[in-house]
Amino acid sequence: MMGYFLLYQCALKKQQVVVLKSGWLGNAPHFFCQEGVFMLDNIAFVQELTRCDVLYILDGMNMMTSGLPSFAKMIALTSPLVQQYSEAIKLSKYRKAVMGIWSRDEAEYWRSAEFPQMPLDIFEDRFMRWDGIARYVFWTFNDPFEKEHLEAAISDCRVQMLDKSNGLDNFDSSEHISHKLFQIKADEHFGFAGLDLVSTWVQDRVIMLACHRERS
């Protein structure tokens, strides 16, 4: 989601961009410019990363093995596998930023603009479950198993996981971190501000099951 948003912003500014995105067109790097979009071979890819006027967007891939830029500015995106960037983040030239979830108004606008085929009642149901987590509200709305996956994650949730002071690194399951149960809260400077259950609906389900376990 953020990768597409960045591409849109770059297009408005006529910024030349190299994109390497996991699972997208065979993981091949692509060059975006005013003249069009071009697939890069390895030689051209390395050459583009030597240009200081190019923005390099790395989405969901290990930056230490995918190629680091010589002069191009790089934005590396990942969700939820933040561990793959842990080594690079230790370097002082990189800054870690956390993106918050979408507001209701933003989600409604995106539905009307990009998903007009999505019925309003389905949007309402999915927003109730996942709040502003766009991945689950929109991209998987045709997946008949996504609700089952959410129920499975809720069933696996234990009371100790609700201690928001634990932080991301103390969760033992990336499935729970990946916005099925929790949302990441960002502060005004895009820093990590804590975790919260993804929605009131999920919170009620988790508490109900926890009470049921204690009684049984």
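Modeller: W102, W110, F115, F123, F127 and F138 form one aromatic cluster. Rings of Phe, Tyr and Trp (for Trp, its six-membered ring) count as a pair if their centres lie within 6.5 Å; planes under 30 degrees apart are stacked, those over 60 are edge-to-face and the rest are tilted. Keep in mind that this is a predicted model: local features need pLDDT of at least 70, side-chain atom pairs count only at pLDDT 80 or more, and totals for chains, interfaces and linings use all residues. Residues are numbered from 1 along each chain as its sequence is written, and side-chain values use heavy atoms, with hydrogens and water left out.

Biologist: How many aromatic pairs are there in the whole structure?

Modeller: The search finds 7. One of them is W102 with W110, which is edge-to-face, at 5.5 Å centre to centre and with 80 degrees between the planes.

Biologist: Is W102 buried or partly exposed?

Modeller: W102 is partly exposed, because its relative accessible area is 23%; buried means under 20%, exposed over 50%, and partly exposed in between, with a 1.4 Å probe and protein chains only. W110 also counts as partly exposed, at 25%.

Biologist: And how do F123 and F127 pair?

Modeller: That pair is tilted, with 5.8 Å centre to centre and 35 degrees between the planes. Both F123 and F127 are buried.

Biologist: How far apart are F123 and F127 in helix α6?

Modeller: They are 4 residues apart in α6 (residues 120-130), so about one helical turn separates them. Helices here are DSSP runs of H or I with at least four residues, strands are runs of E with at least two, and both are numbered from the N terminus.

Biologist: Which charged side chains lie over the faces of F123 and F127?

Modeller: R104 lies over the face of F127, at 5.0 Å from the ring centre. R111 lies over the face of F123, at 5.8 Å from the ring centre. The test is that NZ of Lys or CZ of Arg is within 6 Å of the ring centre and within 35 degrees of the ring normal.

Biologist: What about R126, buried or exposed?

Modeller: R126, which is found in helix α6, counts as buried because its relative accessibility is 2%. A polar atom of the R126 side chain lies 3.4 Å from the backbone oxygen of V137.

Biologist: New topic. How many cavities of 30 Å³ or more does the structure hold?

Modeller: It holds 1, and the largest cavity has a volume of about 70 Å³. On a 1 Å grid over the protein atoms alone, a cavity is a set of points where a 1.4 Å probe fits but cannot get out; a pocket is an open set with protein on both sides within 12 Å along at least five of seven lines, and lining residues have an atom within 4 Å of a point.

Biologist: Which residues line the largest cavity?

Modeller: They are G3, Y4, L7, V19, K21, W24, I57 and D59. α1 (2-12) gives the largest share of that lining, 3 residues, while β1 (16-21) and β4 (54-59) each supply at least two.

Biologist: And what is the volume of the second largest pocket?

Modeller: About 220 Å³. Its lining includes L6, Q9, C10, K73 and I75. The largest share of the lining of this pocket, 3 residues, again comes from α1.

Note on methods:
Points joined across faces, edges and corners; volume = space filled by probe spheres on them. Polar contact = N/O pair within 3.5 Å; in protein donor to acceptor, adjacent residues only side chain to side chain.
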